[in-house]
Amino acid sequence: MELYTTLESILTTSAPQEKIAAFRDFYTAYKNGEITREADTKTTVFTAPSYRDFCTVIDPKEVPRRNKLGSQQGQTLLTHAIAHIEYSAIDLALDAVYRFRDLGEEFERDWLSVADDEVRHFEMIEALLRELGSYYGEYPVHDALFEASMRTLDLLERMAVVPRYLEANGLDATPLILQKLAPHSSDLMVQKIIGALHIILDEEIDHVRKGDKWFLYACEREGKESTSYFEIIEKHYPNSFPRRIDINCDARRQAGFDKDELEKIAFTKCL
């Protein structure tokens with residue numbers, strides 16, 4: 001099994017069950033040392049996300065609002081949105097290994113383990129979605145994560161934008177969602193969603209930390225200061241900092257953000 005052609009096949013597989021089954025077969029072979037590498041195979045810049053064949057893709061501003069979390073419909077919309085983030089994150093992790101081919105097996109192991117986590121997260125959330133009488137693809141989604149990955153085709157920008165910005169923003173957003181769910185915590189389904197979100201939050205800290213490690217590596221390799229992070233984010237997401245919501249200071253510290261970075265990112269000072 002050749003690494004890069006197999007990854008491209010998985011990345012372009014649309015149906016979730018087929019993608020996940022193909023990844024698990026591949027990942028087992030990878031861990032067993034049954035993989036070859038032909039780094040000179042052509043790298044594709046994908047023009048559409050893999051989920052385009054079963055999800056309706058719309059502008060992010062038009063995605064259904066996730067409110068009334070005490071209702072089944074509100075819980076369904078929230079769970080569907082989380083499932084989409086986790087499904088997108090599978091491709092983001094696999095694309096890093098597929099695209100950045102000169103970084104050795106440590107890089108491969110890091111991002112394939114992230115992909116494995118994201119598969120597990122997606123299946124956990126999709127199971128809740130089905131309990132709610134829905135399924136992934138029932139509601140429209142946006143392709144902002146896919147677009148971000150295809151705009152960042154070098155290692156420095158990819159590590160800055162995907163794990164250290166987009167995923168790190170998730171570290172901030174999850175506690176806010178948990179706060180909104182708390183008044184409804186007597187509901188068994190809400191309890192299940194809260195439990196799943198705690199698992200995701202804990203494991204996403206490690207994902208962002210891996211991004212931090214490889215961002216710093218890319219800075220060193222390219223002779224850049226780590227402060228280039230803010231230039232990259234301003235380029236892709238102008239006026240993002242300081243964030244207008246409370247940030248998860250503790251989680252961001254665990255994920256590698258230093259004191260100076262937190263002061264620039266946070267609207268209110270981290271204690």
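Start with Ser-228: it is buried, at 6% relative accessible area (buried means under 20%, exposed over 50% and partly exposed in between, with a 1.4 Å probe and protein chains only). Before going on, note that this is a predicted model, where local features need pLDDT of at least 70 and side-chain atom pairs count only at pLDDT 80 or more, while totals for chains, interfaces and linings use all residues. Residues are numbered from 1 along each chain as its sequence is written, and side-chain values use heavy atoms, leaving out hydrogens and water.

Ser-228 sits in helix α8, residues 228-236 (helices are DSSP runs of H or I with at least four residues, strands are E runs of at least two, and both are numbered from the N terminus). What is Ser-228 in contact with, leaving aside neighbours within four places in sequence? Select Leu-156, Phe-215 and Cys-219; contact here means heavy atoms within 4.5 Å. Cys-219 counts as buried at 3% relative accessibility. While you're on cysteines, click Cys-55 too: its 6% relative accessibility makes it buried.

Next, select Cys-249 and Cys-270, which a disulfide joins with S to S at 1.9 Å (the criterion is a pair of cysteine sulfur atoms within 2.5 Å). Cys-249 lies in helix α9 (249-254) and Cys-270 in the segment after α10 (259-265), 21 residues apart, so the pair links distant parts of the chain. The link is left-handed, with -75 degrees about the S-S bond, and both Cys-249 and Cys-270 are buried.

Now show helices α5 (residues 144-151) and α6; their axes come within 8 Å and cross at roughly 155 degrees. Axes are lines fitted to C-alpha atoms, over the stretch in contact for helices, and angles run from 0 to 180 degrees between N-to-C directions. The two helices are therefore roughly antiparallel (over 145 degrees; under 35 is roughly parallel, 65 to 115 roughly perpendicular and the rest oblique). On the α5 side pick Leu-145, Ala-148, Ser-149, Met-150 and Arg-151, which meet Glu-157, Arg-158, Val-161 and Leu-166 of α6.

Phe-107, Trp-111 and Glu-118 of α4 meet Leu-155, Met-159, Pro-163 and Glu-167 of α6.
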